[in-house]
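Reader: I'm new to protein models. Could you show me how to read one, feature by feature?

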Amino acid sequence: QKYFSMAHGVGRSGDLTAEQPKAAGSSLQGKLTNLMVLHALKLAGMENITACAVLPVATGMAITLSLMGVQAARPGCTHVIWPRVDQKTCLKSILALNLSPVIIENKQEGDEVVADFEEVQRQIDTRGAHTIMAIVCTASCFAPRRPDNVMKFAELSQKYQVPLIVNNAYGCQSRITMKNLTSAARRGRVDGIIQSTDKNFMVPVGGAILATLNGNNALVDSVSKLYPGRASCSAVQDLFITLLSMGEAGYLSLLKEREEMLGYFKTHIHTVAAAHGERLLDTSGNGISLALSLDSFISTSKGREGLSQLGGMLFSRACSGTRVVTCVKKETVGGMNFVGYGAHMDNYPVTYLSFACAIGITKSEVDTFVARLDKTLKEFRKKVATMESKSGKEEFTPLDAAARVEEGGGTAR
């Protein structure tokens with residue numbers, strides 16, 4: 001019943017997108033879903049998309065499959081250029097193939113964390129393009145990280161003839177992001193773009209979409225053929241049902257509403273920030289994710305690490321998806337050590353809370369979140385003050401941003 005008697009799954013042993021004669025229903029559903037996704041991505045702004053495949057894996061494994069797809073054409077290449085993004089999935093997707101990631105440390109521009117494009121070029125020149133299997137850049141990410149300038153990466157890939165894989169996990173909901181991807185593929189080389197089904201189309205976790213543009217469909221064909229065996233139809237069927245229920249008008253309405261809510265969200269977060277002596281970080285280059293500074297909540301007894309409790313308090317109040325970043329966390333991923341993990345760079349000077357204005361969000365949900373955030377920040381400040389009092393130190397008072405920046409040894413613009 002769960003699969004409407006289409007329990008065969010999708011694909012055949014030799015091809016993920018091939019028809020299975022003894023499973024006409026599943027085969028037809030798969031074909032129709034791919035066509036509807038193709039149309040949906042065009043509506044979202046990816047005007048020159050020419051092929052796509054709904055993969056029965058989430059974003060990380062989709063990146064791994066895409067790297068496998070280009071691997072056969074570049075024998076002996078072992079390095080993958082990757083500007084740092086503090087999400088474990090992307091790095092693990094490279095390590096899963098026993099490849100060597102060349103991690104490009106980011107730099108700070110104002111409040112934003114941006115990829116060091118000059119260092120990317122230097123690494124290619126130093127190592128030689130013939131040793132680079134691919135570049136993996138990011139088109140959607142958590143603030144204050146700015147999405148990579150895909151246009152520049154596409155032109156660089158074209159110049160050096162190195163494959164470019166774009167991690168566009170939740171970028172479909174941003175028209176600006178999608179149009180930038182369209183322009184990049186027209187002016188340079190883009191081998192494949194990966195998007196999450198759950199983040200962009202509000203379906204259960206477990207699927208991803210690999211898209212190719214301008215008739216350069218080699219990667220979709222390659223990935224479809226290398227997938228071992230058949231696959232579950234869950235991701236395909238969830239997307240099939242959801243897109244049918246939305247319809248073109250429904251999907252366009254959701255995209256429009258999200259864009260409208262972004263400005264509304266920012267205005268109300270500005271108000272909350274000012275009420276608590278904080279500010280909304282200037283991350284205008286990121287059209288989905290926002291970040292609110294937390295420096296005045298740092299206690300003298302617990303330091304920045306004490307801010308982590310705020311995330312738990314928000315979660316217990318049904319505010320999921322927020323991230324408290326202390327900028328001092330140390331993390332090891334695949335044997336590689338990172339400092340300030342979560343902030344996308346070492347020594348980011350401002351502690352912050354990040355959250356997203358995602359597709360499907362409504363005005364009432366923004367109002368509810370803002371109210372709960374305001375209330376939780378008030379409660380958290382009281383907790384910090386009580387903790388300071390018990391420690392026998394001066395009662396907690398807000399520290400201005402300039403003082404905190406000075407203590408952190410950084411600069412803010």
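This is a predicted model: local features need pLDDT of at least 70, side-chain atom pairs count only at pLDDT 80 or more; totals for chains, interfaces and linings use all residues.

Reader: Is helix 2 mostly buried or exposed?

Author: Helices here are DSSP runs of H or I with at least four residues, strands are runs of E with at least two, and both are numbered from the N terminus. Buried means under 20% relative accessible area, exposed means over 50%, and partly exposed is in between, using a 1.4 Å probe and protein chains only. In helix 2 (residues 59-71), 10 of the 13 residues are buried, so the rest of the structure largely encloses it. Among them are Ile63, Leu67 and Val70.

Reader: And what about leucine 35, buried or exposed?

Author: Leucine 35 is exposed, at 54% relative accessible area. You'll find leucine 35 in helix 1 (residues 24-44).

Reader: How do I read a salt bridge?

Author: Side chains of opposite charge can pair when their charged atoms come close. The rule is a side-chain nitrogen of Lys or Arg within 4 Å of a carboxyl oxygen of Asp or Glu. By that rule, the count is 20 salt bridges. Take lysine 179 and glutamate 47, whose closest N and O atoms are 3.2 Å apart. Lysine 179 sits in helix 6 (residues 175-187) and glutamate 47 in the loop between helix 1 and strand 1 (49-55), so this pair ties together parts 132 residues apart in sequence.

Reader: Which residue forms a salt bridge with arginine 317?

Author: That's glutamate 379, with the closest N and O atoms 2.5 Å apart. Arginine 317 lies in the loop between helix 10 (308-316) and strand 11, while glutamate 379 is in helix 11 (residues 363-390), so the pair links parts 62 residues apart in sequence. Arginine 317 is partly exposed at 29% relative accessibility, and glutamate 379 is partly exposed too, at 26%.

Reader: In what order do the strands of the sheet come?

Author: Two strands pair if DSSP finds at least two bridges between them. Here, 3 strands make an open, antiparallel sheet in the order 10-14-11. Strand 10 (289-293) and strand 11 (323-325) are the edges, each pairing on one side only. Strand 10 is joined to strand 14 (residues 352-356) by 5 bridges, and serine 289 has alanine 356 as its bridge partner.

Key:
Residues are numbered from 1 along each chain as its sequence is written. Side-chain values use heavy atoms; hydrogens and water are left out.
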